[in-house]
Amino acid sequence: MKKWKIGVVVAAVVLAFGLGPAATHAVAADVIKWGVLIDLSGPTSDWGKNQVKGQLDATRWLNEHGGINGKKLKLLVIDDGYKVPRGVAGYNRLVDSENVVGLYIQSTGTTMTLRKKIVSDGVVTIAASFTSKFQNPAKTPFSFFVSPSYATMGRIALRWIKDTWDDSSRNPKICFLYPDNKYGRDILKVCKDYAKKIGVDVGPDQVINWPTKDATVQLMNMKRYNPDWAYITSTAMNGAVILKNARSLGIKTKFISNIRNFEETLITLSGGASEGTYGVHPIAPYGAPVPGMKKVVQSHESWHPGEMGTNVYVEGWVNILCASQALRLADKAGDLTPVGIRKAFEQFKDFKTGGLAPPLTFTSTDHRASMAAKIYTIKDNRMIAVSDWIELPKTMEYFGK
Amino acid sequence: MPAGLFHENYHTDERIFQTWFAKVWLIAFLLGGVLFPVFGSKYAISIMIEVGIAIIACHGLNILTGFTGQISLGHAAFMGVGAYACSILIGQAGLPFIVALPMAGAVAALVGMIFGIPSLRLRGLYLAMATIAAQFIIEFTIRRWDSLTGGVEGMLVDPGSIGPFHFDNHYHLYYLTFILAIAATMATKNIVRSRSGRAFVAIRDRYLAAEVIGVNVFRYRLMSFAVSSFFAGIAGALLAQYLQVITHESFTIHQSIDYLAMCIIGGLGHLLGGIYGVGFWFILERILEVVTTTLNSTYPDHMTWFVSIREIVFGFVIVSFLIFEPDGLAARWRTIRAYWKLWPFSY
């Protein structure tokens, strides 16, 4: 027993001394601290790990190429395990203790829970949760995200389905598949309303909860309605199960995945069942022939040889490219405060990321970054664009809903 | 002068603070608590609010699981009931906070009693399953009762106030939590040394014997559920004030399990168990957070290596406590105290 106790003490001392030097050289002058609150150990960790990899690589690349007007950008990553209490604790630590100038928050639940606090603290946040609720600066003045909202992408998919439909005897039929949470239900009202408007018939919803182990019952229910299309709101890990089940049931319905489901890991996880399915996505797939992709691929290949690049990784790059641009503008204006950064974001007018994402625009009354996405399909285990940019008009009809 | 602590009657035996030494330390502790916001940072204060809320919740769980021996895996759900009840009573019914807070506790107690009814027939693992059902039913209700709870989008909480104190101010909320945590500790202490408390312990140790000597097992079990859920309700109402926005995701089964783990670490069936457990848990969590973020930012390329440290250490700690210290830190503290009492002249 005594030996055991001595062991613990020795371990503690070693750890303390080992970390001591690491802690002291961590913070230096001319460093801009940016927080990242992300799931690296919970149910969406496969996504979070790729996202954070992209953000860290983009930061490294940025710092090697001049930083933010010569200042270094430093990411402070906290794992929240996709749990709200840990997310809130991590937020408090980043904002109150580390004094970050802004942060990235992944989990929808955490962002929703913190929405009042973010406004009263006045901290700029970039969300991974693309809900339209964060697009109205009258309500959430400090929230930004770099993509069309989930509902907008749903509408883009519906638009494309309608435009490519050639049977004039009837309307196309669609079902929505989603988990019963904030994220899953986010698009329903807007998309159903829009579907009715443009003439797409909506069948019964199928609720497929996380973690998805089997979706046979829901797919059989769906089969009775026999829709032409099924729109999946999920994540790759869970969505892969749906596609595999659909293949073994021999379902003829065509599947179209939302952004969080449609990523390269879906291809590997679904074991071929994703072949021929579709997805709506604003971010370029890894390796796509766009000018901004060169540095992304080079960085990934030299820093992570042998690993798979994904569009989540590319999205990580886009997040940092946007944040760094806002920080650069705010720094140039000599106002590197949350209010200054917010103003800098609101100066974005068709900000280009070299084709990694559609051009982004924010104004002081409208935080809808863009309204455009492309439709992709999976062919020979690769994502191939089947449409050009589909852009919806920036009308106020579904603003903030 | 007696060479030790000797009790000559039951009155002194049952006294809460048995020596002047304990009283002095307690006063020092209280002073420290009162003065804490003067020197504590904003971050430290928000952590202490979380600690206070967790202590109240853990006392509740300790009464039910530690003293009465009824395992509950639905404690966070009862906190959710309190959180929503308090926020609805303030926001929609327009009641003042000072009325809404105890009523939130009462609503949670009522719901707790309803889910406690199966305890008449169920024991041990089976009761644990029944309380898991409570967890899921309550969570589902919160998610789907859109008109009342705001559904999956959650609910904005109107900040409560008592006189000049407004609880969207963290300093004010800190003092409220501090006072209520002390009140909860005192209430727990007094419950467990009362007639009902002895009945709880009797039921825990051998329910059949308790029944034979005239303890109404069902009644006391229900009472235990009610008291426990009342504490949970109060803790939930405070959590709602702290978070300002509540969603069902703040009251998941993970939280319930965390509270149970805190109680096990601190010591089930010890008054101080709740406090030690919560203290240990938060300190460990902060240390791990600092360790992992430092490692992460020093070696960003290997970030994925370090992210699981927290899960591994927490799992390891709980297993170690179950094996080496099943009575928790409270019992360890007692052993340490007993050792030093006679030091250096032990037997």
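Gly35(A) stands opposite Leu103(A) in β3(A). Four bridges join strand β1 (residues 31-38) of chain A to strand β3 (residues 102-105) of chain A, and the two strands run parallel; two strands are taken to pair if DSSP finds at least two bridges between them. Helices (H or I, at least four residues) and strands (E, at least two) are DSSP runs, numbered from the N terminus. The model is predicted: local features need pLDDT of at least 70 and side-chain atom pairs count only at pLDDT 80 or more, whereas totals for chains, interfaces and linings use all residues. Residues are numbered from 1 along each chain as its sequence is written, while chains are lettered from A and ligands numbered from 1 in the order in which they are written.

In chain A, five strands form an open sheet with parallel pairing, in the order β2-β1-β3-β4-β5. Strands β2 (72-79) and β5 (143-144) of chain A stand at the edges with a single partner strand each, so one side of each is left without a neighbour in the sheet.

Helix α3 (residues 84-97) of chain A lies across β1, β2 and β3 of chain A and runs at about 175 degrees to β1(A). Axes are lines fitted to C-alpha atoms, for helices over the stretch in contact, and angles run from 0 to 180 degrees between N-to-C directions. The axes of α3(A) and helix α4 (residues 108-121) of chain A come within 9 Å and cross at roughly 30 degrees. The two helices α3(A) and α4(A) are therefore roughly parallel to each other, a term for angles under 35 degrees, with over 145 counted as roughly antiparallel, 65 to 115 as roughly perpendicular and the rest as oblique. Among the residues of α3(A) that meet α4(A) are Val84(A) and Tyr91(A); residues are in contact if their C-beta atoms, placed from the backbone, lie within 7 Å.

Between the chains, 30 residues of chain B are in contact with 31 residues of chain A. On the side of chain B that touches chain A, α3 (42-67), α12 (253-266), α13 (273-298) and α14 (303-306) each supply at least two residues. The largest share of that side, seven residues, comes from α13(B).

Within chain B, α3(B) and α13(B) pack with their axes 8 Å apart, at an angle of about 135 degrees. This angle makes α3(B) oblique to α13(B). The contact includes Ile47(B) and Val51(B) of α3(B), and Val278(B) and Phe282(B) of α13(B).

Notes:
Contact = placed C-beta atoms within 7 Å.
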